[in-house]
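Good morning, everyone. Please have the sequence and the structure open while I talk.

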Amino acid sequence: ISKILFPVGNDYFNVNSKDNTTVKGTPQQEDTRWQKTFVLGRKLAVEIIDACSSIAPVDVVVVSGNHDEEKLFYMGDALDCWYNNNENVTVDNSPKSRKYYLFGKNLIGLSHGCDVKTERLPLIMPLEVPDLWAKSTVREWHLGHIHSKVTSRFEENESSGVLLRTLRSISSPDAWTFNTGLVGAVRAAESFLWKPEGGLIAQFSATP
């Protein structure tokens with residue numbers, strides 16, 4: 001393993017404010033104080049990054065969600081400060097909602113998937129990062145938001161295929177998901193193994 005990409009976000013926190021609401025004001029349930037969830041969330045991220053950095057250099061990419069956009073930015077800044085003098089860890093906490101990462105010839109787009117229609121993402125990628133597009137032969141978007149696993153392919157032609165992956169959520173159901181019947185999704189954390197020149201060669205799934 002020569003490099004580890006660790007995207008953190010995609011509604012990492014359930015609420016955005018002390019009022020226990022999302023960015024847009026939708027009420028959510030919290031089992032503890034907002035200060036405690038923030039500190040625990042930051043400590044968890046540090047623990048994961050430290051474990052990863054014991055294996056290989058880590059690139060942390062902060063991907064905002066629709067629940068915790070502001071709180072996640074604050075945590076991203078805390079991580080940036082925490083690892084400021086660590087040459088083994090970089091943190092991308094730029095405020096953009098769509099991030100791009102190039103590993104060899106693999107171009108990975110990262111977005112929560114709540115703002116732009118997913119069918120537009122394959123068209124947006126070469127427009128926003130034409131330099132990275134030109135250097136890549138394998139292109140994917142990794143999304144969250146809907147808390148289920150969906151893999152679909154959108155193509156304009158044979159040479160411009162972009163794979164869209166909607167990754168599973170590891171979070172447990174809350175009262176709202178139970179009451180609305182949104183139950184049964186497999187909880188999991190997913191990881192991917194890439195070769196710089198060969199694309200995706202393995203995928204791993206860990207369930208709680």
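Start with one term: contact means heavy atoms within 4.5 Å. One caution as well: this is a predicted model.

Now take helix 1. What covers its buried residues? The cover includes strand 1, strand 2, helix 2 and strand 3. And which residues of helix 1 are buried? They are Thr37, Gly41, Ala45, Val46, Ile49, Cys52 and Ser53. Look down the helix axis. The buried residues fall within an arc of 165°, so they line one face of helix 1. An α-helix has 3.6 residues a turn, so residues three or four places apart point the same way.

Next, a check on length. Helix 1 has 20 residues, and at 1.5 Å a residue it should span 28 Å. Its end C-alpha atoms are 29 Å apart, which agrees.

Now the largest nonpolar core. It holds 17 residues. Ile49, Val58, Val60, Leu79 and Val89 touch the most other members. Which elements give two or more residues to this core? Strand 1 (4-9), helix 1 (34-53), strand 2 (58-63), helix 2 (69-82) and strand 3 (89-92) do. Helix 1 gives the largest share, four residues.

Zoom in on valine 60. Leaving out residues up to four places away in sequence, valine 60 touches Phe6, Val8, Ile49, Val89, Thr90, Val91 and Asp92.

Tyrosine 100 and tryptophan 141 form it, edge-to-face, 5.2 Å centre to centre, with 65° between the planes. This pair links distant parts of the chain. Tyrosine 100 is in strand 4 (residues 98-103) and tryptophan 141 is in strand 6 (residues 138-143), 41 residues apart. Are the two buried or exposed? Buried means under 20% relative accessible area. Tyrosine 100 is at 17%, so it counts as buried. Tryptophan 141 is at 0%, so it is buried too.

Another ring is that of tryptophan 133. The charged end of arginine 139 sits over this ring, 3.8 Å from its centre.

Last stop: leucine 107, in strand 5 (residues 106-111). At 1% relative accessibility, leucine 107 counts as buried. Leaving out residues up to four places away in sequence, its contacts include Tyr100, Met125, Trp133 and Arg139. Leucine 107 also lies 9.5 Å from glycine 199, C-alpha to C-alpha, though they are 92 residues apart in sequence.

How values were computed:
Residues are numbered from 1 along each chain as its sequence is written. This is a predicted model: local features need pLDDT of at least 70, side-chain atom pairs count only at pLDDT 80 or more; totals for chains, interfaces and linings use all residues. Side-chain values use heavy atoms; hydrogens and water are left out. A nonpolar core is a set of buried Ala, Val, Leu, Ile, Met, Phe, Trp, Tyr and Cys residues joined through side-chain atoms within 4.5 Å. Buried means under 20% relative accessible area, exposed over 50%, partly exposed in between (1.4 Å probe, protein chains only). The expected span of a helix is 1.5 Å times one less than its number of residues. The arc is that of the directions from the helix axis to the C-beta atoms. Rings of Phe, Tyr and Trp (its six-membered ring) pair if their centres lie within 6.5 Å; planes under 30 degrees apart count as stacked, over 60 as edge-to-face and the rest as tilted. A charge sits over a ring if NZ of Lys or CZ of Arg is within 6 Å of the ring centre and within 35 degrees of the ring normal.
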